[in-house]
Amino acid sequence: MKRRSFLKGTATLGAASAMPSFVFGEAANTALVKNGEVITGAHWGILKATVKDGKIVKSEAWKKTSNVPNPLQTAMDDLVYKARIKAPMVRKSYLENPDSPKPELRGKDEWVEVKYEDAIKLVAKELKKTREQKGMNSICAGSYAWQSSGALGMARTLLHRFMNMTGGFVGVTGDFSTGAAQVILPHVVGSSQVYEQQTVWPVVLENSKVVVLWGMNPIGTLRLSFTVSDEGSFKYFEKLRDSGKEIIIIDPLKTITTKFFEGKATHIRPTPNTDVAMMLAMANHLLKSGKYDKEFLSTYTVGFDKFEQYLLGKEDGVEKTPEWAEKICGIEAKVIKELAEKFFDNRTMIMAGWGMQRAHHGEQVHWMIVTLASMLGQIGLPGGGFGFSYHYANGGTPSCVGGVIKTINAGSVGVIKDGKYMGPANADGAKENAAQSWLSNTALMSYPVARNADALLNPGATLDDNGNKITYPDMDFIYWVGGNPLTQQQDTNKNVKAWRKPRTIVVNEIYWTPTAKMADIVFPVTSSYERNDISMTGDYTNMHIVPQKQVVEKQFGAKDDYQVFVDLCKAYADGLAEAYTEGGKTEMDWIKEFYETAANQVNANEALGIKMPSFEEWWNKNEPTEFFPTMESESYVTFADFREDPILNALGTPSGLIEIYSETIEKMGYDDCKAHPTWFEPIEWLGMKDKPARFHMISPHPNDRLHSQQNQTKLRDSYAVAGREPIFINEEDAKELGIKNGDLVRVFNARGQILAGAVVNDDTPRNVVKLCEGAWYDPNENGLCKNGSANVLTIDIPTSKLANGNISHTCLVNIEPYKPKDGEDITLTAFMPPKGAK
């Protein structure tokens, strides 16, 4: 069986933990706890909330799984009470004349409070008008985001369900996290790998001799999952640290992971964006020394002979020797050779992160890792090969067996006629996207998410994309939920121009984020702690079913996203709400249905001898149901079946093998992505002859936020410097520039400027600075971001024509001490409501 099918199958066949017996037939108790403890869940884990007099006073982990702290779990109160939108709001110019709403005033205009019912009618009217005048392709509902982790409160899916039923929409494909890797890897190994289970930790700990952490910061990024985190991996990293194995960290930055392994690991710090050159040199050395697995290459891969010509310089006249790479990556040739031989001589697991592929030509990084691992010949062996998700969602924690809950779906494209919902369109009326995954949607037309600003600014332009050509639609109505694209998208100043182009922008939001401030109509919605829901834990493990219980009353008149879309359905067309709710299902009706999907899977298998209780019993128990791994899942090895029989277990590539050379990509004829892994010089990097700025800025995932989530919470007090986002600069560089620890500094380049607080230490090498992404964009009248949002400075061009991912880690900046000019206002307003709002 293919690995994904195996995991899916085992997840539905297993056993639930023993549950206490209750009286059958009791009702699910949805009354709120005024004083006491409530179990719920979020991206950062299963949580226990303490409530006093109807207010959240404390939040913490339900159970402690390791000694690694997770501060994200402690700020539930701030997520409920701080920076909230307190009423439905409409931008003044839009309210006065929706047909001529002065979109250039977005982010500057005043806001007007309106009645919820009036906001609903306004959105329904303007959406209808846009569809009638400009068609489906004028409606954008991309909403790629880290939304609620619940099965019902998935804001993006709820939006897509509404937009599909009203006639379709323009959506987005891919994501900002793995935009390049998720496109190149199916060409190389037949699947994305970045969102798939890894060789499990028990196998790694037993069999690996060398473990390489390449461009990853798991002690920071494992604090969360896309669903509810099971927090399964921290204990394994603790075991790895204490195992005596050889651990090698390859990363320009000294991260909290590097410090976690202090004294137990070797830290190698290449020049940013040069990992491919370093890997090519390792491959060259293995080739010339004869230390590579010829049998594996001939049996399980195609195209190595052509790649070999490139390594030896016969293709372009430049041999990729360690000496050649030393001048690019800054790592001594001797060290490159030693690493290559060490990897070959020992069972080696290369655990790689995603930051390296968020760079110009980012497709090459993961392709080259697979190629290097193929030369080592350990793919499919216990503890050998590579893994691209050990740092995300607790990949490598063994998958558990039990029931899997259902979730709300995006529905089907519908037909509205004479103000009535007529039902789903037939095959002639709508054709849904054939390639579906958890990252895509049922949009009738879509484009890569990292090209958001380009698409808005350039309707009618064409984009080369993975062998296809996409024509950007003319989008005039944007509805965005569950996300903050004003902070996510690269080159914020360009993005602001893009967001001032459409006639209408509607946002469902909890807080006054930069995106909410750039909308026309805003619905205040509930946080996940103000509504009931249900979720699995672990994107790979399905370790628990969690009752995500409402902790406190809905705040400030906020509505659930589900309620907003039901009400929009009522205002939009007769019969639409009935279809959207499948006959009037309430919140608890859906949650019960989702739970019973899992319970029926378990209870139908009498051989297990285990029964899951009724939904009412389970809900009232206020405790997660826990599932457990099997012997099979605890010994899972990625690509083991392929290695055992590459014919019966062929990969999803055209050849069925690992494609070091891809004829498919060759036929595309792209100049920025060749048919084999290639070193391309980035558009900006420290090796340039004429650098536009001095410092390479790396903008990694923050340790104490989920991208921009939690930026307004008390956690900010632990990291803000000079009241701003911290920027880390090397001690020697700071001394040269006259920058002291704690100083307010200006960081700038041709794309924009921001204020940040200096942290002077050796966490970054010379000529490199670190500024975490996700700080809420907060411009003054001169366009200076007062809160230190990294994407004001980053470049918005594609990784290549193949994947069109983002290149946020390819960025040069300057930095200098800063003193405000006379009369200049640099007061932080990121977390304050805009003009006219409460």
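## Helix 11

Helix 11 covers residues 275-289, which makes 15 residues, and its first and last C-alpha atoms sit 21 Å apart, close to the 21 Å expected at 1.5 Å a residue. Keep in mind as you look around that this is a predicted model.

How much of helix 11 is buried? The count is 13 of the 15 residues, so the rest of the structure largely encloses this helix.

## Strand 8 and its two partners

Now over to strand 8, residues 210-214. Five of its five residues are buried, so strand 8 is another element that is largely enclosed by the rest of the structure.

Strand 8 has a parallel partner in strand 9 (residues 246-250), and five bridges join the two. If you want a spot to check by eye, go to Trp214, whose bridge partner in strand 9 is Ile250. Strand 8 also pairs with strand 12 (residues 348-352), again in the parallel sense and over five bridges. Here a handy pair to look at is Leu213 and its bridge partner in strand 12, Met351.

## Trp146 in its loop

Trp146 belongs to a loop, the one between strand 6 (139-140) and helix 5 (155-165). Is Trp146 buried or exposed? Its relative accessibility is 11%, and the cut-off for buried is under 20%, so Trp146 counts as buried.

What does Trp146 touch, leaving out residues up to four places away in sequence? The list runs through His43, Leu224, Ser225, Phe226, Tyr392, Gly482, Leu706, His707 and Gln709. Take His43 from that list: 103 residues separate it from Trp146 in sequence, yet their C-alpha atoms are 8.7 Å apart in space. His707 is worth a look too, as its side chain makes a polar contact with the side chain of Trp146 at 3.4 Å.

Strand 29 (residues 726-730) is mostly covered, with five of its five residues buried. Pro726, Phe728 and Asn730 point one way from the strand, and Ile727 and Ile729 point the other way. All of them are buried.

Which strands does strand 29 pair with? One is strand 31 (residues 752-761), in the parallel sense and over five bridges; in that pairing, Pro726 stands opposite Gly757. Another is strand 32 (residues 768-770), which runs antiparallel to strand 29 and is joined to it by two bridges. On that side, Phe728 has Lys770 as its bridge partner.

Technical notes:
Residues numbered from 1 in each chain as written. Predicted model: local features only at pLDDT ≥ 70, side-chain atom pairs only at ≥ 80, totals over all residues. Heavy atoms only, no water. Helix = DSSP H or I, 4+ residues; strand = E, 2+ residues; numbered from the N terminus. Expected span 1.5 Å × (residues − 1). Buried < 20%, exposed > 50% of the residue type's maximum accessible area, 1.4 Å probe, protein only. Pairing = 2+ DSSP bridges. Contact = heavy atoms within 4.5 Å. Polar contact = N/O pair within 3.5 Å; in protein donor to acceptor, adjacent residues only side chain to side chain.
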